[in-house]
2 protein chains.
Amino acid sequence: MAVNQMMGRQSVEFHDPPHIIGSASVVGPKEGEGPLGGEFDLIAPEAEFGEDTWEKAESTMQKEALQTAVGKAGLSPGQIRYLYGGDLLAQLTATFFGNEEAGVPMFGLYGACSTCGESLTLAAMAIAAGYADYTAALTSSHFGSAEKEFRFPLGYGNQRPLSATWTVTGSGAFVLAAKGGHVKITGVTPGKIVDMGIRDNMNMGACMAPAACDTIYQNMMDFNRQPQDYDRIITGDLGYVGQEILTDLLKEKGFDISGQHMDCGIEVYDREKQDTHAGGSGCGCSAVVLAAMVLPKLRQGIWKRVLFVPTGALLSKVSFNEGQTIPGIAHGVVLEHC
Amino acid sequence: MAVNQMMGRQSVEFHDPPHIIGSASVVGPKEGEGPLGGEFDLIAPEAEFGEDTWEKAESTMQKEALQTAVGKAGLSPGQIRYLYGGDLLAQLTATFFGNEEAGVPMFGLYGACSTCGESLTLAAMAIAAGYADYTAALTSSHFGSAEKEFRFPLGYGNQRPLSATWTVTGSGAFVLAAKGGHVKITGVTPGKIVDMGIRDNMNMGACMAPAACDTIYQNMMDFNRQPQDYDRIITGDLGYVGQEILTDLLKEKGFDISGQHMDCGIEVYDREKQDTHAGGSGCGCSAVVLAAMVLPKLRQGIWKRVLFVPTGALLSKVSFNEGQTIPGIAHGVVLEHC
């Protein structure tokens with residue numbers, strides 16, 4: 001096998017870049033009413049997905065997303081050798097119960113809303129190393145289960161400040177192989193934990209922007225690139241508040257990404273009509289926008305090369321209530337048309 | 001680079017097996033009083049590790065374990081390219097706060113008590129593929145934080161049935177490289193989610209034994225081996241109850257492992273004197289027993305080949321209270337003397 005290349009301090013360039021040969025997005029009704037409504041594979045009529053708890057609803061989303069992506073790749077679930085997946089819930093409740101039936105060896109991952117990047121990175125690494133013919137990356141989030149997990153039960157009806165984001169109810173799945181698609185993963189920049197001492201769990205954008213800055217900066221150093229070498233630099237869920245902080249932070253480091261930057265949390269909802277304040281968030285957010293909007297543009301060659309950077313805020317109810325800060329993490333994945 | 005080999009349905013054999021070049025175990029006082037007390041690298045005088053919360057105590061354990069393992073490998077933390085780590089807490093509270101300062105790109109993992117196997121698998125895969133010169137695998141659990149996370153606050157003083165295990169307060173860290181150690185990871189068998197419909201969160205051994213059976217069986221099929229091809233087959237934390245179920249289940253499948261089986265949860269505490277009922281558990285359990293007992297025997301060549309199978313019970317407070325079952329997962333790692 002050809003040699004994969006360590007690049008700079010923390011990146012890898014794949015000699016034979018893995019291809020994304022199938023992808024799918026499954027969302028709830030609110031996401032279906034947003035600007036990307038026409039592009040999702042499946043929009044549920046109600047956020048319960050026919051289940052009696054939010055957690056089971058999220059498991060069902062994951063199941064549907066994986067089945068759809070595997071089907072689009074012309075495969076059956078049994079052909080997936082390893083599955084890399086996660087969600088936002090304690091002990092990955094949605095992921096493990098959603099993927100029991102698939103019967104695929106499974107790596108459970110947690111990187112908060114950056115997990116879509118983490119799962120794509122590991123799934124690509126396995127393909128490029130010859131560990132598997134087919135792997136899959138799968139993540140989800142659900143507004144109902146996430147509010148309950150991190151903030152207040154929905155019935156409490158708490159007020160949300162303008163800096164708060166709205167957790168996307170959605171799941172995205174991606175099937176990878178050595179060849180056969182029109183989008184390839186040419187490199188990855190796994191991220192470090194970055195802590196700027198922020199403690200506001202209603203301002204995730206500010207918590208995550210420094211981590212996004214660190215990973216994007218390192219990606220450009222490691223691959224010796226400039227922002228214009230990418231058609232888009234797409235963060236996961238910084239929202240409007242985090243976007244401003246990110247572009248400012250990167251300017252201080254000598255990179256102006258204002259011409260290339262896009263954020264999945266900004267794309268997924270209509271700012272005027274949908275009342276989601278700072279934008280969308282959750283590890284379903286970057287996943288469904290990747291499947292519904294980013295990959296199609298790469299497939300068609302409208303974009304040639306994109307840096308996809310899902311961002312995560314590292315907190316739990318317990319760490320927050322114990323007065324800990326909210327560090328961030330972001331994983332970079334380089335996607336190219338082929 | 002030479003080709004790594006997919007083996008059978010779900011295993012990988014490494015052409016150039018990664019070496020474990022440094023390892024460390026850090027435990028609390030109860031573990032220090034157990035049969036392996038003389039073998040741990042660091043025994044804290046009290047389970048608080050000088051911190052004011054159980055979660056911070058667990059973070060401190062991880063920090064100490066990683067530093068010690070990296071030091072024993074003759075490295076500095078900055079030389080570790082990727083860190084693979086996890087714990088049992090919601091949103092990996094202990095792991096992310098414990099590893100902020102290390103400044104190493106980080107993959108957060110959750111596989112319940114199987115996470116030690118998951119982290120070693122991914123850390124080995126990265127080395128064998130040439131993605132990194134050095135990687136590290138790091139896991140922990142803490143009795144105080146785990147009881148609070150999964151069952152009752154300690155102050156509640158609830159009664160524990162005899163089938164219950166005692167969560168190990170401990171953290172184990174492992175540094176991997178292409179060469180330079182006396183133990184190598186020659187293959188891995190990542191596990192599937194196995195659900196036998198058990199719902200008793202005070203009998204984790206019964207929940208996990210079917211998953212251990214599945215992974216051990218698959219390992220032997222994939223590598224075409226018999227139990228006697230291993231000096232030991234070592235599960236993570238089945239305890240006395242789970243051990244019996246595992247040997248029975250494997251006998252039904254035609255494999256008698258009673259001569260080779262060992263369980264970290266059984267080794268870590270003294271059954272007569274320490275009143276831990278069915279044994280020890282937690283993703284710190286398999287990690288500290290690996291570092292303190294299994295690796296030394298492999299290093300010295302007392303054992304030549306061991307199948308190490310950390311086992312995890314996939315539940316959360318929420319899934320349990322919503323009446324869900326408790327599926328299990330187990331990841332197999334083949335360790336050999338060199």
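**Notebook: a predicted two-chain model**

I began with helix H5 of chain A and listed its buried residues: Phe143(A), Ser145(A), Ala146(A), Lys148(A), Glu149(A) and Phe150(A). I call a residue buried if 20 or more other C-beta atoms lie within 10 Å of its own, exposed if 12 or fewer, and partly exposed in between; C-beta atoms are placed from the backbone. Helices (H or I, at least four residues) and strands (E, at least two) are DSSP runs, numbered from the N terminus.

Ground rules next. This is a predicted model: local features need pLDDT of at least 70, side-chain atom pairs count only at pLDDT 80 or more, and totals for chains, interfaces and linings use all residues. Residues are numbered from 1 along each chain as its sequence is written, while chains are lettered from A and ligands numbered from 1 in the order in which they are written.

**H5 and its cover**

H5(A) spans residues 143–150, and six of its eight residues are buried, so the helix is largely enclosed by the rest of the structure. I then looked up what covers those buried residues. The cover includes H2 (54–72), H3 (93–98) and H11 (317–321), along with strands S7 (134–141) and S8 (166–167), of chain A.

**Chain A overall**

I counted 11 helices and 17 strands in chain A. Its radius of gyration (over C-alpha atoms) is 18 Å. The C-alpha atoms fill a box of roughly 55 × 50 × 35 Å along the principal axes. Buried residues make up 64% of the chain.

**Two domains**

Chain A is divided into domain 1 (5–177) and domain 2 (183–337); the bounds come from an automatic or database domain assignment. Their centres, taken over C-alpha atoms, are separated by 17 Å. I found 54 residues of domain 1 in contact with 61 residues of domain 2 in chain A. Contact requires C-beta atoms, placed from the backbone, within 7 Å. On the domain 1 side, H4(A) gives the most, with seven residues. That side divides into 24 nonpolar, 23 polar and seven charged residues. Ala, Val, Leu, Ile, Met, Phe, Trp, Tyr, Cys and Pro count as nonpolar, Asp, Glu, Lys and Arg as charged, and the others, Gly among them, as polar.

**Chain B against chain A**

I checked the interface: 52 residues of chain B are in contact with 52 residues of chain A. H4(B) gives the most to the chain B side, with four residues. By class, that side has 30 nonpolar, 14 polar and eight charged residues. A rotation of 180° with 0.0 Å of shift along its axis superposes chain B on chain A, RMSD 0.0 Å.

**One residue in chain B**

Last, I looked up Ser11(B), which is found in strand S2 (residues 11–13). Ser11(B) is buried, with 24 other C-beta atoms within 10 Å. Val188(B) is 177 residues from Ser11(B) in sequence, yet 5.5 Å away, C-alpha to C-alpha.

Conventions:
Contact = placed C-beta atoms within 7 Å. Rg over C-alpha atoms; globule rule 2.2 N^0.38 Å. Least-squares fit on C-alpha atoms with pLDDT ≥ 70 in both.
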